[in-house]
Amino acid sequence: MSSTEVAYHGVRSDILNRVYRPGDRIKETAVAQKYGVSRTPLREAFRRLISEGWLENVPNQGVRVSTWSHTDLEHIFDIRVRLEPYLTGCAVGRLDADQLLALETYADDIARFSNTSGETAIQKRTQANHQFHKTLLTASGNPRAVAILNNLVELPLVIWTFRQFTPQETARSNAHHYEIVEAARARDAQWAESVMLSHILAAKNTVIS
């Protein structure tokens, strides 16, 4: 792995794990020392993270972890609402037996870690959730649309959504995952699309309320 990749994955992981929080400044010297890279590959990593929405440049202040306004959040969810249910429907007819089993396993992991407290449980739940959605997107057979969505699904926003869920919202979200698996096993694209739409709209209501 190149020095740029080391810095990129390291900083992104730190954001996901809340080592760096929204609005935190990222000091080049500290990050370069932490990951054993020089300034040039680190700045290349920063440029990539900025282009993907993880970081933002602030004039005369350097780089900081991105923050999202109410409008930004609306836009993120609007894109997901329009694309992800459609791609989920596309995936239903293309999922093989291993992918169906993987979806069920991820749904089980999400539910299991929902019932466990602590930072590690949140991280594991987020990781399983990401893999659940990624499996569906990958199976959709539409790489251009998937490229648009990938960064949105990976954003720390997903972690922060989980942190805001009430027990009732958590139970509803987990039930959505299992119902999507049922729809996929039935090869019912319309059913899968409708559940994914409800799933995203429910998350949107939690974050933007």
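## Helices α6 and α9

α6 passes α9 in a left-handed crossing. The model is predicted. Helix α6 covers residues 119-139, and α9 covers residues 167-185. The two helices pack at an angle of about 35°. Their axes lie 12 Å apart.

Which residues of α6 meet α9? They are Arg-125, Asn-129, Phe-132, His-133 and Leu-136. On the α9 side, the partners are Thr-170, His-177, Ile-180 and Val-181.

## Glu-179 in α9

Helix α9 also holds Glu-179. Is Glu-179 buried, exposed or partly exposed? Its relative accessible area is 31%, so Glu-179 is partly exposed.

Set aside the neighbours within four places in sequence. Glu-179 is then in contact with Trp-191 and Val-195. Val-195 is 16 residues away from Glu-179 in sequence. In space, the two are 7.2 Å apart, C-alpha to C-alpha. Helix α10 spans residues 189-207.

Phi of Arg-187 is near 55°. That is a positive value in a residue other than glycine. With 41% relative accessibility, Arg-187 counts as partly exposed.

## Helix α1

Now to the start of the chain. Helix α1 runs over residues 3-16 and has 14 residues. From its first C-alpha to its last, α1 reaches 20 Å. This is close to the 20 Å expected at 1.5 Å a residue.

Which residues of α1 are buried? They are Thr-4, Ala-7, Tyr-8, Gly-10, Val-11, Arg-12, Asp-14 and Ile-15. Just after the helix comes Arg-18, with a positive phi of about 65°.

## How α1 meets α2

Helix α2 covers residues 28-35. The axes of α1 and α2 come within 10 Å. They cross at roughly 110°. That angle falls between 65 and 115 degrees, so α1 is roughly perpendicular to α2. The crossing of this pair is right-handed.

Four residues of α1 are named in the meeting of the two helices: Val-6, Gly-10, Val-11 and Asp-14. They meet Val-31, Lys-34 and Tyr-35 in α2. Gly-10, Val-11 and Asp-14 are also among the buried residues of α1.

## The strands

Strand β3 spans residues 62-65 and pairs with strand β1, residues 25-26. The sense is antiparallel, and the pairing has two bridges. Arg-25 stands opposite Arg-64 in β3.

β3 also pairs with strand β2, residues 55-58. This pairing is antiparallel too, over four bridges. What is the bridge partner of Glu-56 in β3? It is Arg-64.

## The hairpin turn

β2 and β3 form a hairpin. Three residues lie between the strands. Asn-60 is found in this loop. Its phi is near 65°, a positive value in a residue other than glycine. Is Asn-60 buried or exposed? Asn-60 has 87% relative accessibility, so it counts as exposed. The cut-off for that class is over 50%.

Technical notes
Residues are numbered from 1 along each chain as its sequence is written. This is a predicted model: local features need pLDDT of at least 70, side-chain atom pairs count only at pLDDT 80 or more; totals for chains, interfaces and linings use all residues. Side-chain values use heavy atoms; hydrogens and water are left out. Two strands pair if DSSP finds at least two bridges between them. The expected span of a helix is 1.5 Å times one less than its number of residues. Buried means under 20% relative accessible area, exposed over 50%, partly exposed in between (1.4 Å probe, protein chains only). Contact means heavy atoms within 4.5 Å. Axes are lines fitted to C-alpha atoms, for helices over the stretch in contact, and angles run from 0 to 180 degrees between N-to-C directions. Angles under 35 degrees count as roughly parallel, over 145 as roughly antiparallel, 65 to 115 as roughly perpendicular and the rest as oblique. A crossing is left-handed if the near helix is turned anticlockwise from the far one by less than a right angle, and right-handed if clockwise.
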